[in-house]
Amino acid sequence: MPTLAPTPSRNPATSGGSPGTGPSVRHLGPNWYAAVMGTAIVANAGATLPLAAPGLRTAYRVVWALSALMLLTLLAARTVHWIRHRDQARRHLLDPTVAPFYGCLSMALLAVGGGTLAVGKDVLGEPAAVAADAVLWSVGTLVGLAAAAGIPYLMVARHRITEGSASPVWLLPLVAPMVSAALGPALVPHLPPGQPRETLLLGCYALFGMSLLMTVLVLPLVLSRLIHHGPLPLALTPTLFLVLGPLGQSTTAVNNLADAAPGVVVPSYAHAMSAFAVLYGVPVLGFALLWLVLATALVVRAVRHGMGFAMTWWGFTFPLGTCVTGAAGLARHTGLTAFGWLATALFALLVTAVVVAGTRTAHGLLRGTLLAPPPAAAPRRTAA
């Protein structure tokens, strides 16, 4: 089963130290990019809300700067991981419980890039913010496409998937192109008029389509696994919130694409895109709210059965943030204050989730437990 926790080393002799030596980047997996995503979405989602309280914009800038610093730190640490522990990195790719998290790398790049243009421009200036977002969006999109094609290939050709092991984590590499589709429209006005703008706009629609159709294929597998095999293990229960990701992000995408369409495509197309944003977004967001209730009920059940903190808790954050941006987009296109209030309420839940997950993660890092070698990696004692 997929997990957001560090993967045990299968070769204790090369784990980089003996038991008790403390944290090591050897056990730093791609799942840690979820913390960057969850932090960045606070700034991105907050910037879309119909709120104008003093100090909010400054708070969003601080969160964006923190997410950018987290991204740079994690990229450096993961580079060291690949250089010094290539065997473990390869093992991650060949492990069906870890490989899907490579989609998080793409989404972390995209989320920080989107925040750079949305709120970071107040610090960097618009030209620098546009350039930074263009680079991060381009690299993040390429990584996302590689993950969306490569991880399913590995699952078919190299991984050995047992029956009934479908997990919401399988959605991670598939939703990455949807994040590109949602954040790409912000770059459209900064391209030369004419074909460059239209190419990017329609390219984002293509990204939307490939992610949506793959999600439609995988979601029934996840629901079937829950119905036929019961609830997920306690530590994995928060990953149920990952289903909100493609739902909220696709709603965000169609609304952002509709915002960018006027003047880029012919008026009839722009009008159709605006109508599609509402006709698609409202029912999909409705389903997202239904899933939110189901997932919350299962999380409450898991808490009652003793669910403790794990890195899976970051699964509460980014998907919830996409529902905030989706609801905010519908508020813009329908003019209904109900969607604005919904976005604000979901944002309050998002901030709470990020604060809790961030605090517990920082505590785990300070204690050295989150990056310490798992017990299974410790060498066995031999008889004297």
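Tutor: In this predicted model, a residue is called buried when its relative accessible area is under 20%, exposed when that area is over 50%, and partly exposed in between. With these limits, individual residues can be classified.

Student: Why is Arg 26 called buried?

Tutor: The relative accessible area of Arg 26 is 0%. The limit for a buried residue is under 20%, so Arg 26 is buried.

Student: What makes the contact of Asp 87 and Arg 26 a salt bridge?

Tutor: A salt bridge requires a side-chain nitrogen of Lys or Arg within 4 Å of a carboxyl oxygen of Asp or Glu. For Asp 87 and Arg 26 the distance from N to O is 2.9 Å, so the pair meets the requirement.

Student: Where in the chain do these two residues lie?

Tutor: Asp 87 belongs to helix 3 (residues 86-94), while Arg 26 is in the segment before helix 1. The two are 61 residues apart, and the pair links distant parts of the chain.

Student: Is Asp 87 buried or partly exposed, and how do you know?

Tutor: Asp 87 has a relative accessible area of 33%. This value falls between the limits of 20% and 50%, and therefore Asp 87 is partly exposed.

Student: How many salt bridges does the structure hold?

Tutor: The structure holds four salt bridges. Another of them is formed by Arg 57 and Asp 122, with the closest N and O atoms 2.6 Å apart.

Student: Why can one say that Arg 57 and Asp 122 tie together separate parts of the sequence?

Tutor: Arg 57 lies in helix 2 and Asp 122 in helix 4; the parts that they tie together are therefore 65 residues apart in sequence. Arg 57 has 31% relative accessibility and Asp 122 has 38%, so each is classed as partly exposed.

Student: What makes Asp 259 and Arg 332 a salt bridge as well?

Tutor: The closest N and O atoms of Asp 259 and Arg 332 are 2.6 Å apart. Since the limit is 4 Å, the pair counts as a salt bridge. Asp 259 stands in helix 8 and Arg 332 in helix 10, 73 residues apart. Asp 259, at 39% relative accessibility, is partly exposed, and Arg 332, at 40%, is partly exposed too.

Student: How do you know whether Trp 291 is buried or exposed?

Tutor: Trp 291, found in helix 9, has a relative accessible area of 6%. That is under 20%, so Trp 291 is buried. Its C-alpha atom is separated by 8.1 Å from that of Phe 241, 50 residues apart along the chain.

Student: What class does Ser 274 have, and why?

Tutor: Ser 274, which is also placed in helix 9, has 28% relative accessibility and therefore counts as partly exposed. From C-alpha to C-alpha, Ser 274 and Val 80 are 46 Å apart in space.

Student: Why is Leu 142 called exposed?

Tutor: The relative accessible area of Leu 142, a residue of helix 5 (residues 126-157), is 59%. The limit for exposed is over 50%, so Leu 142 is exposed. Leu 142, Leu 145 and Met 210 form a nonpolar patch on the surface, and together they have about 260 Å² of accessible area.

Student: Which residues line the largest cavity near its centre, and which classes does the lining contain?

Tutor: Of its 20 lining residues, Met 37, Leu 172, Leu 242, Phe 318 and Pro 319 lie nearest the centre. The lining has 14 nonpolar, six polar and no charged residues.

Key: Residues numbered from 1 in each chain as written. Predicted model: local features only at pLDDT ≥ 70, side-chain atom pairs only at ≥ 80, totals over all residues. Heavy atoms only, no water. Patch = residues over 30% accessible without salt bridge, like charges linked within 9 Å, V, L, I, M, F, W, Y side chains within 5 Å. Areas by Shrake-Rupley, 256 points an atom, 1.4 Å probe, with all protein chains shown as cover. Helix = DSSP H or I, 4+ residues; strand = E, 2+ residues; numbered from the N terminus. Buried < 20%, exposed > 50% of the residue type's maximum accessible area, 1.4 Å probe, protein only. 1 Å grid on protein atoms, 1.4 Å probe; cavity = no way out; pocket = protein on both sides within 12 Å on 5 of 7 lines; lining within 4 Å. Nonpolar A, V, L, I, M, F, W, Y, C, P; charged D, E, K, R; others polar.
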